[in-house]
Amino acid sequence: MIIDVHTHAPRFRTRAEAEAAPPPPETGAPMRPDRPDPSRVTWDDHVAAMGPVDRAIVFNIAAQPPGDPHKPGMASDGIVRRTDLAQAVNDNVAGLVRAHPAKLIGFMSVHPRDPHVLDEMDRATGDLGLRGIKLGPNYQNFDPLGDDAARVFARAEELGLPILMHQGTSPVQFADLDWAHPRHLDRIATRFPELRLIIAHFAHPWQVDALAVIRKHPNVWADISALHYRPWSYYTSLRLATEWSVLHKLLFGSDWPVASPQETMDAIPHVNDILEGTRLPRVPVDELLAVVERDALGALGLD
Ligand SMILES: [Zn+2]
């Protein structure tokens, strides 16, 4: 069974809705070096892209609550839209999952500084049937080691909700980049050992720090989403993962719409292509292909 643990829910249901919307704000740095960022994708686009996988985890990211004192981490025009707030984000994800219940597993997003955060976690698990949480300390501009975040982690651990955290670099100018550094997850995992955590994107370009964390914590994993289109980073991080014996802690994910599950799978046998003519050590492709078939739902307690 192939599980894509990292896909983003389109905000737009239909093509007409997408085309009527204003253009998205500029973020300053494109997600990928090889093509422009996708925008205005729809629910149908998501479902079509998930054709090659058996199940996909889908989510979006909740903006900061109204009146929050920190600069918005997501919209560079500084406007937090109603559609970006946790309730609307979670309603949208739940709607998409209801349309494709056999394939999709929905994760909520919440904001740790939202005074109603625990109520929204209850609503999203109870009324909406969402089964995990997506957080992005950089996009949401929160301190992962602060008290606000700790109460979300504590409740997630209690409810058995896995958390997928964006980790790694970010184009968001006014959010502290250090808040998305994977070394902090060591302390979180030590304090909440039953909490299942996924380090998104293997925390690129801090994969070496991420592997130090997934190596020591049985319930911390990393996904391989959004890595393959930077061939040197892709190779070096997976070679380091080989040498540190953590290939078995990697989960398959695409980061759709930034990359598709099909291209992420297709890239795996090519991980060593850049070594041609050198004596550099290879990544064992058969072990890496095992990531695609890994029992991610079992690992995350979602089966
Ligand atoms: Zn993502």
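How many helices and strands does the secondary structure of the chain come to? The count is 11 helices and 9 strands. The model is predicted.

**Overall form**

The chain has a radius of gyration of 18 Å, close to the 19 Å that the globule rule gives for 303 residues, so the chain is as compact as a globular protein of that length. The C-alpha trace spans about 55 × 45 × 40 Å along its principal axes. Of the 303 residues, 44% are buried.

**The H7 and H8 pair**

Two helices, H7 and H8, pack against each other. Their residue ranges and contact residues are set out here.

| Helix | Residue range | Residues in the contact |
|---|---|---|
| H7 | residues 207–216 | Gln207, Val208, Leu211 |
| H8 | residues 231–243 | Ser237, Leu240, Ala241 |

How are the two axes placed? H7 and H8 pack at an angle of about 30°, and their axes lie 10 Å apart. Angles under 35 degrees count as roughly parallel. H7 and H8 are therefore roughly parallel to each other. Their crossing is right-handed.

Which residues of H7 meet H8? Gln207, Val208 and Leu211 do, and on the H8 side they meet Ser237, Leu240 and Ala241.

Methods
Residues numbered from 1 in each chain as written. Predicted model: local features only at pLDDT ≥ 70, side-chain atom pairs only at ≥ 80, totals over all residues. Axes fitted to C-alpha atoms, helices over the stretch in contact; angles between N-to-C directions. Helix = DSSP H or I, 4+ residues; strand = E, 2+ residues; numbered from the N terminus. Parallel < 35°, antiparallel > 145°, perpendicular 65-115°, else oblique. Left-handed = near helix turned anticlockwise from the far one by under 90°. Contact = placed C-beta atoms within 7 Å. Rg over C-alpha atoms; globule rule 2.2 N^0.38 Å. Buried ≥ 20, exposed ≤ 12 C-beta atoms within 10 Å, placed from the backbone.
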